[in-house]
Amino acid sequence: MCGIVGYIGTKPAAEVLLSGLSKLEYRGYDSAGIAVRNGLDNPLIVKAKGKLKHLLDKTNNGKTVPGFVGVGHTRWATHGAPSELNAHPHCSDDMNVVGVHNGIIENYQELKEKLINKGYTFYSQTDTEVLIKLADYYYKKYNIGPVDAINKVMVRARGSYAVAIMFKDYPNQIWFAKKGSPLIIAKGKDESFLASDVPAILEYANQVYYVEDYECGCLEGGNVTFYNLDGTDITSTKKLVNIDWKADAACKGNYPHFMIKEIEEQPRVVEDTLNAYIKDNKIDFDSIGLSKEMLSKYENIYIFACGSAYHTGIVAQYIIESMCNIPVRVDLASEFKYRNYPLNKNGLAIVISQSGETKDTYEAMIKAKECGLNTMAIVNVKGSTITRDADITALTYAGPEISVATTKAYSCQLIVLYLLAVQMGYAKGLVDEKKYEYYINELKQIPSKINEILDEKVEIQKLANKFLSMRDVFFIGRGIDYALCMEGALKLKEITYINANAYAAGELKHGTISLIDEHVATVAVLTQEDLFEKTQSNMVEIRAREGSVIALTTYGNYKVDQASNDQVYVPEIEDIFAPSLAIIPLQLLSYYVSVNKGIDPDKPKNLAKSVTVE
Ligand code: F6R
């Protein structure tokens, strides 16, 4: 939520900032702004409401904002409506302090009142303006330098923040501070960068520093200095971390949207994730500190996640329960945080997150840890907040995911969860050697089978036209198919704005069927052999009420013809791994409906990727 960037060096700052913001736009896109400083002059601040494109137009791609020092921001509104006034950067009235912020200052009202009593006035509704003016207040009142002023702010402000600030008296420096929101720093020859996330600096650097909570610091040319809350220089303790991603991974290339690029990358990234954990035809989690002995002993599994990541947890629940014969409880991270139920300390708490920054997921993990559980994080972004506090981290190898709607990260999460289930079943003696080999071989087929589905994508493109006039769409299925339906429905509603709901097929008759008519389409997912006929009966009931039905099943199940208007087939695979194949047509369907409706699937309205607020 919100992306910040900062640059100081020898290049025109505005161009570096705008390029960085274009890579962070997934974090929010209701307004954007930059502040660039040219020598001793006050920074020139330019902001524009709406997507970054408006700021690019307004600044002629940055050319009208000269200077070599600057900060930038792309916003997902929290305090105050999306508007030019509320857009960042914000400044003190005399431009003594100018800065950008990602996060939420929880006690901003109280701080604002304090500042109003001291004579400050406010032009925006944002908590950020309060933060900037608080820094200005401490700086002037105590006649102190930036380190002390920032540290005083950090002591006083509650909530989360990553900030980049310029002080009038320090024309060749950019200051930063962090608590709770991500912030990375990179440096080059005579230049340095800061950003909320790695894609913003991939073009310029392949190593980064992660700023920790309650640290602040300063960029000056190619030098970076870090301080702790006492104002002690801690630079010598900071370590540069290698980035594994390539610069072009965060670019669209010849694709019209990141989403379709990311959908098409799935065979490769799924294979990369499989290869990371399958060595010599055996699953290897020892390298991440998760031995077979540990897996054999867990008595319960608790899974916490949000959105699509939560949906992968539901798939895993079905598989782990039946394969490993232990109870699996899956909770939305935002719910788990505020409820109390008995947790078995011999259980493993798994959190799943693409970004590794989702606040609810992070806090659920911390709560599980505090309750004495071992924690495992399945995360896509190396070095992210969740990975730094988890006991065990299993990375997914999806590469940077830029489109707001997740596709490839979801697929890679499924892979890690399947591997975990199989390895745990094996460790517990419930999966024998022969079955183990069989499962591994089946898993290795997934990338090529995804490719086969992608080769037929034009069929889904044609089908997408049928959805344009639909009022509602239901996704129905049983067992694992129901878990998959949850993801299919979320994908459709988030990028097409069509109301879509996932229903356990057996539940339809208990109320929902009253909504079925000719304006409602139902996608029925039937990949589980033992449940096929049951779901088929539910399809017949829908057709009898004038609802149209699209069946999604495996090749060979041709009898779905009798109960559906349209059919989509995916290659055969062991039933428990079917979600990895059946999700592909559902992703494609949402993508094509979105594009046909003239929506930008990469940046659907009101959303942002990486939800770092509650
Ligand atoms: C939907 C989507 C979201 C995320 C959710 C969790 O397409 O992307 O539902 O899955 O916000 O985000 P992460 O995985 O970063 O924790």
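**Pockets, cavities and sheets**

Visitor: Which helix gives the most to the lining of the largest pocket?

Guide: The top contributor to that lining is H9, with 3 residues. The model is a predicted one, where local features need pLDDT of at least 70 and side-chain atom pairs count only at pLDDT 80 or more, while totals for chains, interfaces and linings use all residues. Residues are numbered from 1 along each chain as its sequence is written, and side-chain values use heavy atoms, with hydrogens and water left out.

Visitor: What counts as a pocket here, and what as a helix?

Guide: On a 1 Å grid over the protein atoms alone, a pocket is an open set of points with protein on both sides within 12 Å along at least five of seven lines, whereas a cavity is a set where a 1.4 Å probe fits but cannot get out; lining residues have an atom within 4 Å of a point. Helices (H or I, at least four residues) and strands (E, at least two) are DSSP runs numbered from the N terminus.

Visitor: What is the volume of the largest pocket, and which residues are closest to its centre?

Guide: Its volume is about 560 Å³, a volume being the space filled by probe spheres set on grid points joined across faces, edges and corners. The lining has 23 residues, and Cys306, Gly307, Ser308, Ala608 and Val611 are the closest to the centre. Two or more lining residues come from each of helix H9 (307-324), strand E19 (347-353), helix H11 (359-370) and H16.

Visitor: How does that lining divide by class?

Guide: There are 9 nonpolar, 10 polar and 4 charged residues. Nonpolar covers Ala, Val, Leu, Ile, Met, Phe, Trp, Tyr, Cys and Pro; charged covers Asp, Glu, Lys and Arg; the others, Gly among them, are polar.

Visitor: And the second largest pocket: how much space lies in it?

Guide: About 400 Å³. Of its 24 lining residues, Asp244, Trp245, Lys246, Gly399 and Pro400 are the closest to the centre. By class the lining has 11 nonpolar, 4 polar and 9 charged residues. Domain 1 (3-250) and domain 2 (254-444) each supply at least three residues, with bounds from an automatic or database domain assignment.

Visitor: Now the cavities. How many are there of 30 Å³ or more?

Guide: The count is 5. The largest cavity holds about 210 Å³ of space. It is lined by 25 residues, and Ser196, Asp197, Ser355, Glu357 and Val381 lie nearest its centre.

Visitor: Changing topic: what is the strand order in the sheet of 8 strands?

Guide: This open sheet runs E3-E2-E4-E1-E10-E9-E11-E14 with antiparallel pairing; strands pair if DSSP finds at least two bridges between them. Strands E3 (44-49) and E14 (241-242) are at the edges with a single partner strand each, so one side of each has no neighbour in the sheet. Helix H1 (residues 13-24) packs on the sheet, touching E1 (3-8), E2 (31-37), E4 (69-75) and E10 (191-195), and its direction makes about 155 degrees with that of E1. Contact means heavy atoms within 4.5 Å; axes are lines fitted to C-alpha atoms, for helices over the stretch in contact, and angles run from 0 to 180 degrees between N-to-C directions.

Visitor: What about the sheet of 5 strands: parallel or antiparallel?

Guide: The pairing is parallel, in the order E23-E22-E24-E25-E26. Neighbouring strands are turned by 20 degrees against each other on average, direction ignored. Strand E25 (residues 548-554) pairs with E26 over 5 bridges, and Leu552 stands opposite Val568 in E26.
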